[in-house]
Structure formats: structure tokens, C-alpha cells
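Hello,

Here is the structure I promised to pass on. Please look it over before reading my notes below.

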Amino acid sequence: MGSDIEQQNNEIVDILDKYPEGLSRGQISGKIIFSINDKTLQRRLAALVDENRVAKTGERKATRYFSLNASTGNNRGHLKDISAQVFSSISLKTLKFLDIPLHARERVSYNRDFLDSYVPNQSQYVPEKVRKQLYKAGKRFDKALAAGTYAREICQRLLIDLSYNSSRLEGNTYSRLDTQKLVEEGITAEGKVHEETVMIMNHKEAILFLVENAQDIELNSLTIRNLHHLLSQDLLANPGDCGNIRSIEVNIGQSTYKPLNNPHLLKELFELILLKARKIKDSFEQSFFLLVHLSYLQAFEDVNKRTSRLSCNIPFIKENLCPLSFTDVSRDDYTAALLAMYEKNNVEPMLELYAWAYLRSCEQYGVVKKSLGEIDAFRIQYRQQRKEVMGLVVKNGLHGKKAEDYIENFCEQNGIDETAKFTAMTLADLSTLHAGAIIGLGITEAQLEAWLSSKP
């Protein structure tokens with residue numbers, strides 16, 4: 001009997017070896033060839049986790065299991081798939097630790113000194129030479145323009161590229177074409193699991209949140225938690241975990257790194273990361289700092305890496321620099337750079353990948369600098385007035401003709417000559433208003449929900 005159990009356990013591990021992105025219990029059940037009921041499988045998986053043969057992440061419906069051998073590619077190592085085009089010989093040497101089987105690598109916990117030792121504008125992750133190179137490639141305007149101007153100009157392209165690439169790095173199997181159809185037309189690709197569709201639509205909503213609120217967004221907990229909420233909605237078992245610092249323990253698949261599990265300390269360090277980030281003057285240093293430390297802390301139950309990838313674009317969107325869409329970044333390269341950061345606190349491989357990916361993004365979006373005349377200057381000129389009246393419409397519970405009359409009256413009182421254009425623009429923005437886009441409107445989420453529920 002014991003040997004039968006061991007043989008079946010080995011089969012479970014063998015299955016997980018083939019899926020480094022992890023599987024749910026239901027997915028495992030569908031792939032094993034022997035008969036076993038769900039409760040028994042649950043106990044078997046728990047035992048394999050206790051024996052350090054399998055790793056577990058998430059809770060309840062979000063639980064996924066990973067083979068602790070998966071990171072070694074059946075003991076052939078990560079390096080077989082790592083790109084010498086992206087990484088220098090020094091980084092490739094650093095990444096050789098991934099050739100060591102997972103069970104033989106040193107177990108490491110969160111290293112607070114990694115964050116504490118960083119002094120904004122004195123410490124330097126991104127060397128000055130690299131910052132200058134990236135800025136030269138990413139600059140899009142000769143004049144100072146309103147925050148988010150460039151991102152709005154390329155918004156549709158950005159929605160597709162960043163949604164596709166960020167989701168792809170999570171194992172999402174949507175093609176770029178299918179992503180475009182989903183983002184632009186709401187057409188779901190055939191044969192895809194529901195979670196993949198939700199992941200991409202969440203990216204779209206989160207990116208729109210950043211672009212539409214570029215002028216008002218600050219690097220604080222409200223912004224990042226709001227961003228996480230948008231990215232994780234309908235993907236976590238408990239909706240209350242979306243946008244909230246986790247209160248449960250998490251594991252990192254394919255890694256010996258063990259994140260913190262003290263909720264109070266997680267909140268403190270989350271605030272410290274954002275406090276330091278706000279003080280960093282250089283956009284690229286600030287962006288890379290966010291990518292590194294939001295990934296490393298793992299402040300949320302899940303969706304941490306997605307949150308870090310969109311957060312690191314905030315400085316670019318605000319400063320009208322080319323965004324980072326992670327085009328052509330391979331999952332193997334990205335995972336290897338993350339593991340070096342998690343287990344060695346070595347940011348060099350990630351920095352090389354980041355710089356390579358940023359230059360690819362700049363090539364993708366072109367280098368032609370746009371003039372202000374090619375941008376909707378009216379929209380920018382009256383942005384504050386538009387947000388003000390949107391907030392008032394919501395607070396007063398106005399819809400339809402009443403809202404239209406109120407906006408036209410607002411134009412008269414505030415000297416806005418092109419009443420029809422302003423009114424049409426405002427009504428269009430109100431028609432798509434959601435909880436992730438209320439920053440700067442002077443309203444609460446409760447007020448928005450009350451307004452939405454009062455629609456006739």
C-alpha cells in the first residue's frame with residue numbers, strides 16, 4: 001500500500017514538473033491516470049508540501065501547486081533558456097546558481113537591509129550612463145506638457161502591448177492578435193480559460209486608470225492598492241483581498257525565497273518603499289526601484305509582479321517618456337532575473353533585462369517627437385474643469401438631461417466657450433467612469449456606487 005502511495009505521489013510530482021507555471025488541484029486531478037477522490041488528493045498535496053517536494057501559493061480557489069524540481073528543468077538548469085543577448089557574461093555567471101537543484105539551494109527570507117540600505121538620490125541601481133541612454137531613447141517631447149499626454153496619444157497601442165506582454169509573463173496563452181480583439185472589441189478567444197480573459201481585461205482597466213489619472217496620481221499606497229485592486233479583481237478567491245495588504249503566508253514557486261508573513265510589518269515596509277520611491281528624482285531610477293522592491297516584498301496575496309510592472313510605468317506616464325511594455329521579454333529571462341533578486345538580492349540581471357526591454361519599447365513606439373498641435377489641446381486645457389464638474393454630477397446624483405443641463409450651465413458660469421464640445425467630452429467620460437478612475441474628482445467610492453445604482 002505504501003509503495004502504491006509513493007508511486008502515485010511521484011506521478012503527481014512528475015506532472016507538476018511539466019508545468020512550471022503551476023497547476024490548481026482540479027487541473028492536477030484531470031491529468032493523473034489513477035483514481036483518487038478530491039479530499040485524498042488534497043491530503044496528498046499537503047503532505048508533498050510538508051515534504052518540500054511541492055510548493056503551494058494562494059488560498060482556496062486561487063491555490064496553485066508547483067514542483068520544486070521545475071526550476072531546474074528536470075535538473076538541466078535554467079541557463080539553457082536564458083538569453084545571452086539580454087544578459088552580460090557577468091550576469092550569466094551570476095545566474096549559474098540556478099543550475100543548482102532547488103532543494104540544494106540556500107533557503108532565504110526577506111532581507112530588510114536590502115530596502116533599508118537604499119538612500120534615495122544617493123544609492124544608485126541604474127548607473128548614470130544607462131539613465132542618460134534610456135532618457136535619450138525614451139524622450140518624446142521637447143516641451144513640458146501635461147502629465148500623461150504621450151500615453152494618451154498611444155493609449156490604444158499601449159493597452160494592447162502592455163496587457164499582452166504582462167499577461168504573457170504570467171503564463172497567459174492569449175496571442176497578441178487575440179488580445180487586440182479582446183481589448184478593442186471584447187471578443188473572447190476560443191479555448192481559453194476564463195482567468196486568462198479576466199487577466200487581460202484587468203490589465204486594460206488598470207492601464208486606463210494610470211493614463212486617465214496621470215496628472216493626479218501620486219506614488220502612495222492609495223494608488224498602488226487601487227492598481228492592485230484593478231489587476232486582481234475577480235481573480236482572487238476573496239474579493240476583500242483585492243487592493244489590501246495580505247494577512248496570509250505566501251510561497252514563491254520555483255524559488256527558495258520565503259517572503260515575510262507579518263501583516264503589520266508588510267504594511268510598514270510597503271509604505272517605506274513608496275516613501276523612498278517618491279523621493280527619487282530620476283524617472284528611471286524611480287521606475288526600476290519600484291519594479292524591484294514591489295516584486296520582492298510580495299505585499300499582496302497574489303498579482304504582485306503584475307502590480308510592479310504597471311507601477312514601474314507610472315514615472316514614464318507622468319513624465320511623457322516612452323512606456324515600458326516588456327515586448328519580446330521571455331518568461332525564462334524574466335524569471336531568472338527575479339530569482340537572482342529574490343535569492344541573492346542581486347539586481348544586475350534584472351537591470352540588464354529592464355534596460356534591454358526599455359530600448360525595445362522605444363523602438364516599437366518610434367522616435368518621432370510630436371508637437372502640441374497634434375494633441376487634443378482642448379481636452380488638456382479644460383481637464384481640471386472637466387473633473388470638477390464630473391465630481392459634482394456624481395455628488396448630485398444627476399443623469400441624462402439633468403446632467404447635460406448641469407454641465408452646460410457649468411460652462412456658462414466658468415467661461416468655457418465651446419459648450420457642446422466640453423459637454424460631449426464630459427458625458428463620454430462619465431459613461432465609462434469606474435472606481436479605478438475617481439482620483440481627482442473629489443468623490444468617494446461610496447458616492448460613485450450610489451450614483452451608478454441610481455441610473456434610470
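This is a predicted model: local features need pLDDT of at least 70, side-chain atom pairs count only at pLDDT 80 or more; totals for chains, interfaces and linings use all residues.

The whole protein

The protein contains 22 helices and 4 strands. Its C-alpha trace spans about 85 × 55 × 40 Å along the principal axes. Of the 456 residues, 52% are buried. Among contacts with a separation of 6 or more, 71% are between residues 24 or more positions apart.

One helix pair

Two packed helices are described by the angle between their axes and the distance between the axes. The pair I looked at is α10, residues 194-212, and α11, residues 221-232. Their axes come within 7 Å and cross at roughly 155 degrees. Because angles over 145 degrees count as roughly antiparallel, α10 is roughly antiparallel to α11. The crossing of α10 past α11 is right-handed.

Which residues make the contact between α10 and α11? On the α10 side they are Asn202, His203, Glu205, Ala206, Phe209 and Leu210. From α11 come Thr223, Asn226, Leu227, Leu230, Leu231 and Ser232. Sorted by class, the contact of α10 with α11 consists of 6 nonpolar, 5 polar and 1 charged residues.

Regards

Definitions and conventions
Residues are numbered from 1 along each chain as its sequence is written. Side-chain values use heavy atoms; hydrogens and water are left out. Axes are lines fitted to C-alpha atoms, for helices over the stretch in contact, and angles run from 0 to 180 degrees between N-to-C directions. Helices (H or I, at least four residues) and strands (E, at least two) are DSSP runs, numbered from the N terminus. Angles under 35 degrees count as roughly parallel, over 145 as roughly antiparallel, 65 to 115 as roughly perpendicular and the rest as oblique. A crossing is left-handed if the near helix is turned anticlockwise from the far one by less than a right angle, and right-handed if clockwise. Contact means heavy atoms within 4.5 Å. Ala, Val, Leu, Ile, Met, Phe, Trp, Tyr, Cys and Pro count as nonpolar, Asp, Glu, Lys and Arg as charged, and the others, Gly among them, as polar. Buried means under 20% relative accessible area, exposed over 50%, partly exposed in between (1.4 Å probe, protein chains only).
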